[in-house]
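Please report on the aromatic pairs and the strand pairing in the model below.

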Amino acid sequence: MFQRIRSYAQSILERDPAARSVWDVVFSYPGFHALALHRVAHALWQRGWLWLARWISHWGRFLTGIEIHPGARIGARVFIDHGMGVVIGETAEIGDDCTIYQGVTLGGTSLDKGAKRHPTLGKGVIVGANSQVLGSFTVGDGAKIGSGAVVTKPVPAGATAVGNPARIIQEGEAARREAAAAKMGFSAYGVTQSDDPVSQALRGLIDGTAAQDHQIALLWQAIEKLACKIDPDCVPDNAALHEQFEAQKLNQLVGD
């Protein structure tokens, strides 16, 4: 038991720079206390001691501000950081090494007793502060849910869900957008990391500009081919490969 406590405390030390020692975690972290009480309540719940399990769960909520139904299944090394206002429903399942911040709700959208009503989090999922994950679907391994997001549909492994209602950003999409922005001498993520309307508009402009550059490059390539058919001495320079718009070059190709 002591080895398990030490392993859990060590995982918190690795993920929270504010933690100073194992003793600091064991005595001062409400997430640690809430999960320790949940282990007891869950064991009683599985053995049919439903009233006693709910009573222990209630005291855990009173002491820590974290409400975990004793029926919830929680894996190893789960870290509830700060934790105030966290609510985890009866049929929720949380995989190993997940991180959950304050104000998170893993809730249900159905009143059907006995059915799976709450979400399942894969391994290594990060759920940002004040986000709401509602429904009986799966959040894939390594996925991230942004702060304040409202998620009501599955999230693929490695993807990120942001906004209300949440939209899914596939792994690699953010890097692609940043690369497109860098070509214009502008960093989208240097302006804002949040998903406010201005940020979304800027990202849309960047995506649109990147697509237009590609279309212009294709048009340029077609014009070069036509120009070379008219002028036998024309030598194509594969300008389309650069995907850069130069008005002067285009004017020369059309004979202006």
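## Aromatic pairs and sheet

Six aromatic pairs occur in this structure. The rings of Phe, Tyr and Trp (its six-membered ring) pair if their centres lie within 6.5 Å; planes under 30 degrees apart count as stacked, over 60 as edge-to-face and the rest as tilted. This is a predicted model: local features need pLDDT of at least 70, side-chain atom pairs count only at pLDDT 80 or more, and totals for chains, interfaces and linings use all residues. Residues are numbered from 1 along each chain as its sequence is written, and side-chain values use heavy atoms, with hydrogens and water left out.

Two of the pairs are listed here.

| Pair | Centre to centre | Between planes | Type |
|---|---|---|---|
| Tyr 8 and Phe 32 | 5.2 Å | 15° | stacked |
| Tyr 29 and Phe 79 | 6.5 Å | 35° | tilted |

Tyr 8 lies in helix α1 (residues 2-15) and Phe 32 in helix α3 (residues 30-46), so their pair ties together parts 24 residues apart in sequence. Helices (H or I, at least four residues) and strands (E, at least two) are DSSP runs, numbered from the N terminus. Both Tyr 8 and Phe 32 are buried; buried means under 20% relative accessible area, exposed over 50%, partly exposed in between (1.4 Å probe, protein chains only).

Tyr 29 sits in the loop between α2 (22-28) and α3, and Phe 79 in strand β3 (residues 79-80), 50 residues apart. Tyr 29 is buried at 11% relative accessibility. Phe 79 is buried at 1%.

Ring pairs also join Trp 51, Trp 55, Trp 59 and Phe 62 into a cluster.

The open sheet has five strands, ordered β1-β4-β7-β10-β13, with parallel pairing. Edge strands β1 (67-68) and β13 (150-151) each have a single partner strand, so one side of each lacks a neighbour in the sheet. Two strands pair if DSSP finds at least two bridges between them. β10 (residues 132-134) and β13 pair over two bridges. Val 133 stands opposite Val 151 in β13.
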